[in-house]
Amino acid sequence: MTHALEGIKIVDISGIGAYASMILADFGAEVTRVSAIPGTRRGLAPVEPVGGNVGAAVRLSKTAGEATHRGNRDIAVNLKSDEGRAIVQALAQEADVFLESFRPGVCDRLGVGYAELSARNPRLVYASLTGYGQTGPYRDRPGHDLNYIAMGGALGMLSGEGGRPYIPLNILADFAGGGLYTALGICLALLARDRTGRGQHVDMAMSDGVLSLLTAVLMDKIVHDEEVRHRGYFLNGGIPHYDTYRCADGRWISVACIETHFYANLCRALELDEFLDHQFDEDRYPALRAALSERFAGRTRDEWVTALEAHDVCIAPVLEQGEVTTHPHIRARETITEVESADGPATQVGVGPKLSDTPGAPGRQGPPPGHDTDEILRELGYDAERIAALRADGVVG
């Protein structure tokens with residue numbers, strides 16, 4: 001076995017679930033993505049721009065797809081047609097995993113729900129990724145990452161002056177609480193199938209995933225009734241030795257010297273010995289924060305990184321967006337790498353987990369919708385004449 005998931009076949013009709021299938025594809029799973037016929041949304045209805053920076057949104061959608069759809073084959077299908085449904089059902093018949101992200105009940109109405117597909121293929125692991133899950137009073141509500149982190153409790157911990165929450169990028173729900181947890185759920189269900197011989201339904205709500213990510217932090221509230229306030233908690237800037245500081249060049253450095261020995265090393269390295277015995281003295285925190293600010297403002301960020309390398313302290317440069325793809329450590333870990341594309345090598349984020357015996361490898365850059373329609377249909381037994389007829393009827397694209 002070259003890759004951990006070699007031989008696993010996945011049919012992905014989801015939108016936001018692409019990150020989950022990307023992770024699985026990186027480890028050898030064969031992912032067939034069912035896309036909308038170009039010009040329609042999931043083959044159901046025309047797409048209309050909805051205000052805002054439409055150009056940026058379209059550009060982001062394309063570039064994100066090139067990354068998260070890497071290693072996939074793509075067939076464009078109109079799921080609202082009987083023949084389109086039959087194609088997807090045939091794909092699921094031979095698959096190990098079926099991934100969808102429609103609102104609860106939609107796939108049932110389309111004939112590709114869990115009951116229908118698992119009856120045809122009892123070994124199928126059927127994964128549903130939604131905002132609020134398949135049960136509960138919010139199950140049918142629409143939403144996006146911002147709504148899910150609000151319900152999951154994370155947004156309420158990200159408030160600043162006046163209590164208004166900061167809005168982070170869509171990492172916590174769409175990717176961590178959603179895609180990453182879905183990939184984990186699928187792997188667990190596949191492992192269980194090896195023992196039972198049966199597939200099952202993986203119900204992943206992004207709001208559940210966000211709440212799960214808060215497991216350790218929420219215990220302070222549950223057990224001690226302690227509120228996590230912005231810059232009032234030891235892991236969000238509430239203590240001066242766990243904070244960020246502006247350097248002489250306007251760039252920032254992160255300091256996270258929680259343990260006593262790291263704190264002591266920091267004080268000695270910065271010649272702030274007067275604070276050595278005051279790590280837990282909150283009355284001294286304002287003076288310590290001011291002293292750290294003054295020290296770090298005296299040199300550039302990279303000068304500080306170099307100067308502190310020999311002192312065994314928990315610091316790291318706050319990399320700016322243009323630096324992430326070129327930093328030598330990130331490059332050495334191949335966390336930024338190049339993948340194949342139609343135009344030559346393309347830079348993408350690499351594989352996260354590094355497995356020693358069955359490592360992952362990012363596949364070819366994600367194809368446009370319908371790129372592999374004919375090839376996939378031929379594998380299902382459709383001849384050229386039938387494929388041309390399906391295309392002419394708007395069933396496939």
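Two strands pair if DSSP finds at least two bridges between them. The exercises below apply this rule to a predicted model.

**Exercise 1.** Determine how strand E10 is joined to E11, and which residue stands opposite Val255.

*Solution.*
Step 1. Strand E10 covers residues 252-256, and three bridges join this strand to E11.
Step 2. The rule asks for at least two bridges, and E10 and E11 have three.
Step 3. The two strands run antiparallel.
Step 4. Val255 stands opposite Ile315 in E11.

**Exercise 2.** Describe the sheet that contains these strands, and name its edge strands.

*Solution.*
Step 1. The open sheet is formed by three strands in the order E9-E10-E11, with antiparallel pairing.
Step 2. Strand E9 (242-246) and strand E11 (315-317) each pair on one side only, and these are the edge strands.
Step 3. On average, neighbouring strands of the sheet are turned by 20° against each other, direction ignored.
Step 4. Helix H11, residues 285-296, lies across E9 and E10 and runs at about 40° to E9.

**Exercise 3.** Decide whether Leu377 is buried or exposed, and list the residues that Leu377 touches.

*Solution.*
Step 1. Leu377 is located in helix H15, which spans residues 373-379.
Step 2. Buried means under 20% relative accessible area. Leu377 has a relative accessible area of 0%, and therefore Leu377 is buried.
Step 3. Not counting residues up to four places away in sequence, Leu377 touches Ile75, Ile87, Tyr382, Ile387, Leu390 and Val396.

**Exercise 4.** State the mean pLDDT of the chain and the share of residues that reach 70 or more.

*Solution.*
Step 1. The mean pLDDT is 93, and 94% of the residues reach 70 or more.
Step 2. Over residues 42-51, however, the pLDDT is below 50.

Key
Residues are numbered from 1 along each chain as its sequence is written. This is a predicted model: local features need pLDDT of at least 70, side-chain atom pairs count only at pLDDT 80 or more; totals for chains, interfaces and linings use all residues. Side-chain values use heavy atoms; hydrogens and water are left out. pLDDT is the predictor's confidence in each residue, from 0 to 100. Contact means heavy atoms within 4.5 Å. Helices (H or I, at least four residues) and strands (E, at least two) are DSSP runs, numbered from the N terminus. Axes are lines fitted to C-alpha atoms, for helices over the stretch in contact, and angles run from 0 to 180 degrees between N-to-C directions. Buried means under 20% relative accessible area, exposed over 50%, partly exposed in between (1.4 Å probe, protein chains only).
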